[in-house]
Amino acid sequence: MASANDARYGQKESADQNFDYMFKILIIGNSSVGKTSFLFRYADDSFTPAFVSTVGIDFKVKTIYRNDKRIKLQIWDTAGQERYRTITTAYYRGAMGFILMYDITNEDSFNAVQDWSTQIKTYSWDNAQVLLAGNKCDMEDERVVASERGRQLSEQLGFEFFEASAKDNINVKQAFDRLVDIICERMAENPESADPSTTGNRQGPQLSEQPQRSHTDCAC
């Protein structure tokens, strides 16, 4: 006989499958740029100042609504260290979107953006959308990467750009919302190109309304 816990688990599983679309999103970038803090701020509205390096890969699930559609986001937090690179790139396949992150106080992390962009092109599918995020804009006194450099690089790579702060909760939700909007726009423009795994109820990936564009930089 099924226990009460089994019943509740079954109900939870059923609820988890009740979505119109599922988007797999990866947060990538060098170690210590704040990827895990960024994810926890968005998914749980929490922030822990202590740095703990991600081992391999982890993920959280968050459900949002866009154009009367229920969208389940499966957000993967990847390790930035080179030794985990083979593991993390295996998860690129099937990702609908990427947040490519650097630390505005760390020049090396900014210089690595081009290499991370190349990895996206190499290992992900052609229609994956990318947003460039300069994290830690609350640390203005320690800034070494000017906002304009981030904006210029994003234009060069064809990505949209945000500066953000997981600590002060600046542009975290806005960055994720914008990435989801871009994915929805591309699906509406070319529904045949959408990954079939994105649909939950198999009604197709068409979205009728076009979200409004938003370009918001850090207001620190």
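Start by selecting arginine 151 and glutamate 148: they lie three residues apart in helix α6, so about one helical turn separates them. Helices here are DSSP runs of H or I with at least four residues, strands are runs of E with at least two, and both are numbered from the N terminus. The two side chains meet in a salt bridge, 2.7 Å from N to O; the term requires a side-chain nitrogen of Lys or Arg within 4 Å of a carboxyl oxygen of Asp or Glu. Arginine 151 is partly exposed at 24% relative accessibility, and glutamate 148 is partly exposed at 40%. The classes, computed with a 1.4 Å probe on protein chains only, are buried for under 20% relative accessible area, exposed for over 50%, and partly exposed in between.

This is a predicted model, in which local features need pLDDT of at least 70 and side-chain atom pairs count only at pLDDT 80 or more, while totals for chains, interfaces and linings use all residues. Residues are numbered from 1 along each chain as its sequence is written, and side-chain values use heavy atoms, with hydrogens and water left out.

Zoom out to the whole chain. Its elements, from the N terminus on, run α-β-α-β-β-α-β-α-α-β-α-β-α, giving seven helices and six strands. Of the 220 residues, 48% are buried.

Next, select β5, residues 129-135. Seven of its seven residues are buried, so the strand is largely enclosed by the rest of the structure.

Strand β4 (residues 97-103) runs parallel to β5 and is joined to it by seven bridges. Look there for aspartate 103, which stands opposite asparagine 135. Strand β6 (residues 160-163) is also parallel to β5, with four bridges between them. In this pairing glycine 134 stands opposite glutamate 163. Now trace the chain from β5 through α6 (residues 147-157) to β6: this β-α-β crossover is right-handed, meaning that the path from the first strand over the helix to the second runs clockwise when the strands point away from the viewer.

Move to the second largest pocket, which holds about 250 Å³ of space. A pocket is an open set of points on a 1 Å grid over the protein atoms alone, where a 1.4 Å probe fits, with protein on both sides within 12 Å along at least five of seven lines; lining residues have an atom within 4 Å of a point. Its volume is the space filled by probe spheres set on the points, which are joined across faces, edges and corners. Among the 17 lining residues, Ala128, Gln129, Val130, Gly158 and Phe159 lie nearest the centre. At least two lining residues come from each of α5 (113-123), β5 and α7 (172-189).

Finally, return to the salt bridges, 14 in the structure. Select arginine 178 and glutamate 185, whose side chains meet at 3.3 Å, N to O; both residues are buried. For another pair, show arginine 143 and glutamate 140, with their closest N and O atoms 2.8 Å apart. Glutamate 140 is partly exposed, at 39% relative accessible area.

How values were computed. Two strands pair if DSSP finds at least two bridges between them.
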